[in-house]
Amino acid sequence: MRKLNVAMIGYKFMGKAHSNAWRQVSKFFDTPFEPIMKTICGRNEEEVKQAADAFGWQEHSTSWQQVIERKDIDIIDICTPGDTHMEIAIAAAEAKKTVFCEKPLANTLAESEKMLEAVKRNNVIHMICHNYRRVPAITLAKQLISEGRIGDLYHYRGTYLQDWIVDPQFPRVWRLEKAKAGSGALGDIASHSIDLSRYLVGEITEVAGMMKTFITERPLPEDKNKMAPVDVDDAALSLCKFENGAVGSIEASRFATGRKNYNHFEINGSKGSIAFDLERMNELELYIEEGPNSGFRRVQVTDAAHPFIAGWWPPGHIIGYEHSFTHTVLDLLKAVDEQKVPTPNFEDGVRNQRVLDAIEKASASRQWETV
Ligand code: SOE
């Protein structure tokens, strides 16, 4: 089988999830290439070597610049904090690599637009890792909506709720630092709900918004006796208008006590509704108008006929969070084989960033802002 050499920049949580995907994809799906996990890159030599050994990378490096210059590398997979996405992606595009980047695309709209310009100018394949589009239940929701099964769309109601920083003693990690992360719950998790709303309902034209930081200073990770400011949002809420006339609300919080990774949406249409809860990710809640016996029902999305499931297990043998990353890299490999740009790509990344930027502006202006 033809091989493609992958290099990953970054090795923490997303590095672990993406490594698992690269390791599994050809073992469970009929892929056009075998991805070779060539090298993983990070600043801390000891830690990145441990990651290479643990995740199954052949080599490790502490210089992403040297990795990108290698002629034997085909795909650059960016799993670093958002403040480095732009420089790495542009360098990878200039080196004519396929560029795969974690969400959000960048920390600012301007950065994301420069990234899109670079991949277009260099005519390379590019993809943003909004993995939830390839949760089988969500891919099925897209199919049902595209078939018109719930009719004309009226509402998108997205909530992405976590609670990992409710404790004021939780340290001021990089995700709580604007210079590193760009924003807090807004860019980290509202970005997912925004991307899903665009995937399932359509483009957003206007937003109203508010952002809130509940705990404004926290102990430094390296010295619990020193406090540092939190300059990002703990929660971001927005109302949005869609191009097709639908209306929506998107709420993201890291202070939703008890909610661990509650990425939920409900879409209401003229002939029915669809609801999804990531914490019950193998199920889709459907209400399709069928007369007096209509009612919400839970469909278990684990049949071979359902998206991606044929690669895994028999009906009822459910799958998990990590499988959505495997499905994403599967479609990236197929796109490389067909020499086509897959979705979501950097164009989607910029469109998502425009919505993030408009919500931030609306929160400051207390006015509706155009996307
Ligand atoms: C943290 O909020 C996080 O890891 C996000 O960064 C991921 O994108 C999401 O899939 C799970 O939660």
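Where is the place of Pro344?

Reply: In this predicted model, Pro344 has its place in the loop between α9 (321-338) and α10. The peptide bond that leads from Thr343 to Pro344 is cis, with omega near -5°. A cis peptide bond also joins Lys103 to Pro104, with omega near -15°; Pro104 sits in the loop between β5 and α5.

Helix α10 lies across β8, β11 and β17, and its direction makes an angle of about 55° with β8. Between α10 and β17 there is a loop that contains Arg366. Arg366 is not a glycine, yet its phi is positive, near 60°. With 75% relative accessibility, Arg366 counts as exposed. Asn123 may be set beside it: this residue, again other than glycine, has a positive phi near 55°. Asn123 belongs to the loop between α5 and β6 (126-129) and is exposed, with a relative accessible area of 70%.

An open sheet of nine strands runs in the order β16-β15-β14-β13-β7-β12-β11-β8-β17, and its pairing is mixed. At its edges stand β16 (297-300) and β17 (369-370), each of which pairs on one side only. Strands of a sheet pair through backbone hydrogen bonds, in either a parallel or an antiparallel sense. Strand β12 has neighbours of both kinds. With β7 (residues 153-161), strand β12 (residues 247-253) pairs in the parallel sense over seven bridges. Across this pairing, His155 stands opposite Val247 of β12, and Tyr156 stands opposite Gly248 of β12. With β11, strand β12 runs antiparallel, and seven bridges join them; here Ser238 has Ile250 of β12 as its bridge partner. The hairpin of β11 and β12 has four residues between the strands, and within this hairpin Gly245 takes a positive phi near 95°.

Leaving aside neighbours within four places in sequence, Ala256 is in contact with Leu161, Gln162 and Asp163. The C-alpha atoms of Ala256 and Ile165 are separated by 9.6 Å, although these residues are 91 apart along the chain.

Helix α8 (residues 185-200) lies across β7, β8 (204-212), β11 (235-242), β12 and β13 (262-269), and runs at about 155° to β12. Helix α8 has a helical partner in α6 (residues 136-146): their axes come within 10 Å and cross at roughly 30°. The residues of this contact divide into six nonpolar, one polar and one charged. From α6, Ile138, Thr139, Ala141, Lys142 and Ile145 take part, and they meet Leu196, Tyr199 and Leu200 of α8.

The buried residues of α4 (residues 85-94) are His85, Ile88, Ala89, Ala92 and Ala93. These residues cover an arc of only 130° around the axis, which puts them on the same side of α4. Helix α10 (346-365) is included in what covers them, along with β1 (3-9), α3 (64-69), β4 (75-78), β5 (98-102) and α5 (109-121). Just after α4, Lys96 takes a positive phi of about 65°.

The model has zero disulfides. The sulfur of Cys79 is 7.4 Å from the closest cysteine sulfur, that of Cys129, and is therefore too far for a bond, which requires sulfur atoms within 2.5 Å. Cys79 counts as buried, at 9% relative accessibility, and Cys240 likewise counts as buried, at 3%.

Definitions and conventions
Residues are numbered from 1 along each chain as its sequence is written. This is a predicted model: local features need pLDDT of at least 70, side-chain atom pairs count only at pLDDT 80 or more; totals for chains, interfaces and linings use all residues. Side-chain values use heavy atoms; hydrogens and water are left out. Buried means under 20% relative accessible area, exposed over 50%, partly exposed in between (1.4 Å probe, protein chains only). Helices (H or I, at least four residues) and strands (E, at least two) are DSSP runs, numbered from the N terminus. The arc is that of the directions from the helix axis to the C-beta atoms. Contact means heavy atoms within 4.5 Å. Two strands pair if DSSP finds at least two bridges between them. Axes are lines fitted to C-alpha atoms, for helices over the stretch in contact, and angles run from 0 to 180 degrees between N-to-C directions. Ala, Val, Leu, Ile, Met, Phe, Trp, Tyr, Cys and Pro count as nonpolar, Asp, Glu, Lys and Arg as charged, and the others, Gly among them, as polar.
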